[in-house]
Amino acid sequence: MEKAKRPRASKPKLDTRISDADQFLLPTYKRQPFLISYGRGAYVYDSAGKKYLDFLGGIAVNALGHAHPRIVRVIRREAARAIHLSNLYHNAYQGPLARKLAQISGMDRVFFSNSGTEAADGALKLARLCARTASDAPDKPAAKHRILAMHNSFHGRTFGAVSVTSTEKYRLPFAPLVPGVEFVRFNDIADLESKFDDTVCAVILETIQGEGGIHPVSEAFWNRARGLATQHQALLIADEIQCGLGRTGRYFVYQKFSSRPDIVLIAKPLAAGLPLGAILTTEAVAAFVSPGLHGTTFGGGPLICATALEFLNTLEQKKVLANVRARGVELREGLAKLAGKFNFIREIRGEGLILGVELSVDGNPFVAEALRQGLLINCTHDLTLRLLPPFIITRAQVREFLRLFESVLAKTPKSISAASAQATANPQRFAHSAAR
């Protein structure tokens, strides 16, 4: 008697939306092999209905979580009025948003861009513009044109921003880049002093290096950079694109210092997920600008500015920054306890809700295991697990994260990455100051 044949197990059907992306998009990202359908608060849900606790927040963008009712209401209202009007005309929200940003930052003037990287490019243009004098030949570099940027930095992907980004894998494929840029070891005052002279027009730094592994600027380095910039009539540019607008529990990281920058760069959470960046600056810098020297087609449209105003009003009216501070303390305390259990946790850095957990082993397998367990985090520089949860997370969600994260740390196979081996062989090169 012939045996009945067992039915062959069918292969999982590939979602055509993912296969379309694989076939037609430029391969600029290594995307995870699943599709997120929607989000609610601090959670997202994939196309199969699986729930994930989102501790990446669109890489620091979704500060109010997903589908926040106040944000949804404003977007719906303004989409029915005017989405785009052009910067040849005033709209109802651009001026009020600029006023609000000036008030919370201590700056005087605002330029709206579409993104953080465009804000960085615009700031570099402003620095060169302010440094040019009547004696400089119009067709040659000004005598004062050098820009000091930081090792381990990341300012964006456009040509100007990548020119002041030190990581070679982002820079070298596009060389030669914008000339006149030199890199300083982050938080190394002696190195900063040795490279600063009257040919420098600007120094640009992240007040907390995000992509570089959550490394805060030290107060001593900030103060010296401010002093040297003033002494040599250069601009101090603070990149707060990832760490600003409330992520540390204050509006801006530099506000914990006694001195201010000349230019501040913001973006990420500004319009609660819609694309908006901004340059904030002083009247002294703004005095060099006249119509036609810089511009944007889409930056600062009515729908986006209305949404950004609602975001800032929500932070203020709902006392969201107090929640950031409280939840940040709980996270640090919980992570410190986990560091006592797992000896491959090397250091915990950051403040508020921008935290990095540096490991002595490859961090990428932990990201994959977290995804499997329903937790979204990411790894930067191979060793640092980056945590960027929404500002609205609750005490219960912090506990949920710590429970999931402990399970991830326990279950992930440990392997030594190239970066880890290099750090072990040369610890001085990878030494950074941590926020305390």
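Two strands count as paired if DSSP finds at least two bridges between them. Keep that in mind for the sheet. One caution as well: this is a predicted model.

Let's start with the sheet. Four strands make it up, in the order β13-β14-β17-β16. The sheet is open, and the pairing is antiparallel. Which strands stand at the edges? They are β13, residues 345-351, and β16, residues 378-380. Each has a single partner strand, so one side of each has no neighbour in the sheet. From one strand to the next, the twist averages 25 degrees.

Now look at β14 and β17. β14 covers residues 354-359, and β17 covers residues 384-387. The two run antiparallel, joined by 4 bridges. Take Leu-355 as an example: its bridge partner in β17 is Leu-387.

Next, the helices on this sheet. Helix α12, residues 320-341, packs on it and touches β13, β14 and β17. The direction of α12 makes about 175 degrees with that of β13. Helix α13, residues 364-372, lies across β14, β16 and β17. Relative to β16, α13 runs at about 170 degrees.

On to salt bridges. How many does a search of the whole structure find? The count is 23.

Glu-330 pairs with Arg-395, with the closest N and O atoms 3.2 Å apart. Glu-330 lies in α12, and Arg-395 lies in helix α14, residues 395-411. The pair therefore ties together parts that are 65 residues apart in sequence. Is Glu-330 buried or exposed? Buried means under 20% relative accessible area. Glu-330 has 19%, so it counts as buried. Arg-395, at 48%, is partly exposed.

The second one sits in α13. Arg-372 and Glu-369 meet through their side chains at 2.6 Å, N to O. They are 3 residues apart in that helix, so about one helical turn separates them. Arg-372 is exposed, with a relative accessible area of 52%. Glu-369 is buried, at 12%.

Salt bridges with shared partners join Arg-185, Asp-188, Asp-191 and Lys-195. Within this group, Arg-185 bridges to Asp-191, and their closest N and O atoms are 3.8 Å apart. Arg-185 is partly exposed, at 46% relative accessibility. Asp-191 is buried, at 6%.

To recap: an open antiparallel sheet of 4 strands, helix α12 packed on it, helix α13 lying across β14, β16 and β17, and 23 salt bridges in the whole structure.

Technical notes
Residues are numbered from 1 along each chain as its sequence is written. This is a predicted model: local features need pLDDT of at least 70, side-chain atom pairs count only at pLDDT 80 or more; totals for chains, interfaces and linings use all residues. Side-chain values use heavy atoms; hydrogens and water are left out. Axes are lines fitted to C-alpha atoms, for helices over the stretch in contact, and angles run from 0 to 180 degrees between N-to-C directions. Contact means heavy atoms within 4.5 Å. A salt bridge is a side-chain nitrogen of Lys or Arg within 4 Å of a carboxyl oxygen of Asp or Glu. Buried means under 20% relative accessible area, exposed over 50%, partly exposed in between (1.4 Å probe, protein chains only).
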